[in-house]
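Please have the sequence and the structure at hand while reading.

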Amino acid sequence: MKKNKQGFTLIELLAVIVILGVIMAIAIPAMTGYIDDSKKDSMVDSASEFLRAGVQRITVNNMLPVSGTSTYMYVKDIPLSSGGVSPYSNQAYADASVVQATNNNGEYIYTIYLIDGNGNCLTATEKQLNGKPEEKRALIKTGSTCTKITVPDGTTTVK
């Protein structure tokens, strides 16, 4: 008599589970890294857009600082056609986020201080935002490593 074998043995099922476990152990950290890089790239892109728009508004509104001083523009006052929300919290960036224009003996240096509700921050100049992707991602810090500056109106922002 011939036995009718149907289904899988316990050994076969265990082998499949072990193989899937190994694949997952490799795939999950890689995907987590891609997701983290994507969030950082999104924050850098937002910073670039805010800085570009802030520079334009400071220039057009004749708010350029005199030598040795700085002018600040809050990010919340800079409208963007799209974006402008933190990839970490999906909310608008904190009120303390600013674009700073500094007059260094006739040379204007533009810097953005961007912070989100989760304590992630980015401080960058125009030149830094034109760097390589890895260098730009490295500009993002967590809340515990963000330092604070005070804007002339008394508002505290990050650096």
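Both Phe50 and Tyr93 are buried, where buried means under 20% relative accessible area, exposed over 50% and partly exposed in between (1.4 Å probe, protein chains only). The model is predicted: local features need pLDDT of at least 70, side-chain atom pairs count only at pLDDT 80 or more, and totals for chains, interfaces and linings use all residues. Residues are numbered from 1 along each chain as its sequence is written, and side-chain values use heavy atoms, with hydrogens and water left out.

**Aromatic pair**

- The structure holds one aromatic pair; rings of Phe, Tyr and Trp (its six-membered ring) pair if their centres lie within 6.5 Å, and planes under 30 degrees apart count as stacked, over 60 as edge-to-face and the rest as tilted.
- Phe50 and Tyr93 form this pair in an edge-to-face arrangement, 6.1 Å centre to centre and with 85 degrees between the planes.
- The pair links distant parts of the chain, since Phe50 belongs to helix H1 and Tyr93 to the loop between E1 and E2, 43 residues apart. Helices (H or I, at least four residues) and strands (E, at least two) are DSSP runs, numbered from the N terminus.

**Sheet**

- Five strands form an open sheet in the order E1-E2-E3-E4-E5, and the pairing is antiparallel. E1 and strand E5 (140-141) stand at the edges with a single partner strand each, so one side of each is left without a neighbour in the sheet.
- Two strands count as paired if DSSP finds at least two bridges between them.
- Strand E1 (residues 70-74) runs antiparallel to E2 and is joined to E2 by five bridges; Ser70 has Thr102 as its bridge partner in E2.
- Seven bridges connect E2 with strand E3 (residues 107-115) in the antiparallel sense, and Gln100 stands opposite Thr111 in E3.
- The hairpin of E2 and E3 has two residues between the strands, and Asn105 in this hairpin takes a positive phi near 55 degrees.
- E3 pairs with strand E4 (residues 121-125) over five bridges, again in the antiparallel sense; the bridge partner of Ile115 in E4 is Cys121.
- Strand E2 (residues 98-104) is largely enclosed by the rest of the structure, because five of its seven residues are buried.

**Helix H1**

- At 1.5 Å a residue, the 51 residues of H1 should span 75 Å, and the end C-alpha atoms are 74 Å apart, which agrees; the expected span is 1.5 Å times one less than the number of residues.
- H1 lies across E1, E2, E3, E4 and E5, running at about 135 degrees to E3. Axes are lines fitted to C-alpha atoms, for helices over the stretch in contact, and angles run from 0 to 180 degrees between N-to-C directions.
- Buried residues of H1 include Met43, Val44, Ser46, Ala47, Phe50 and Leu51.
- Gly54 has its place in helix H1 (residues 10-60) and, at 0% relative accessibility, counts as buried.
- Leaving aside neighbours within four places in sequence, Gly54 is in contact with Met73, Ile78 and Val99; contact means heavy atoms within 4.5 Å.
- Gly54 and Ile112 are 58 residues apart in sequence, and their C-alpha atoms are 9.0 Å apart in space.

**Nonpolar core**

- In the largest nonpolar core, which has 22 residues, Phe50, Leu51, Ile112, Leu114, Leu122 and Leu129 touch the most other members. H1, E2, E3 and E4 each supply at least two residues of this core, and H1 gives the most, with eight residues.
- A nonpolar core is a set of buried Ala, Val, Leu, Ile, Met, Phe, Trp, Tyr and Cys residues joined through side-chain atoms within 4.5 Å.
- Apart from neighbours within four places in sequence, its contacts include Leu51, Val98, Gln100 and Thr123.

**Loop residues with positive phi**

- Asn62 lies in the loop between H1 and E1 and has a positive phi of about 50 degrees although it is not a glycine. With a relative accessible area of 67%, Asn62 is exposed.
- Asn90 is found in the loop between E1 and E2, and its phi is near 55 degrees, a positive value in a residue other than glycine. At 64% relative accessibility, Asn90 counts as exposed.
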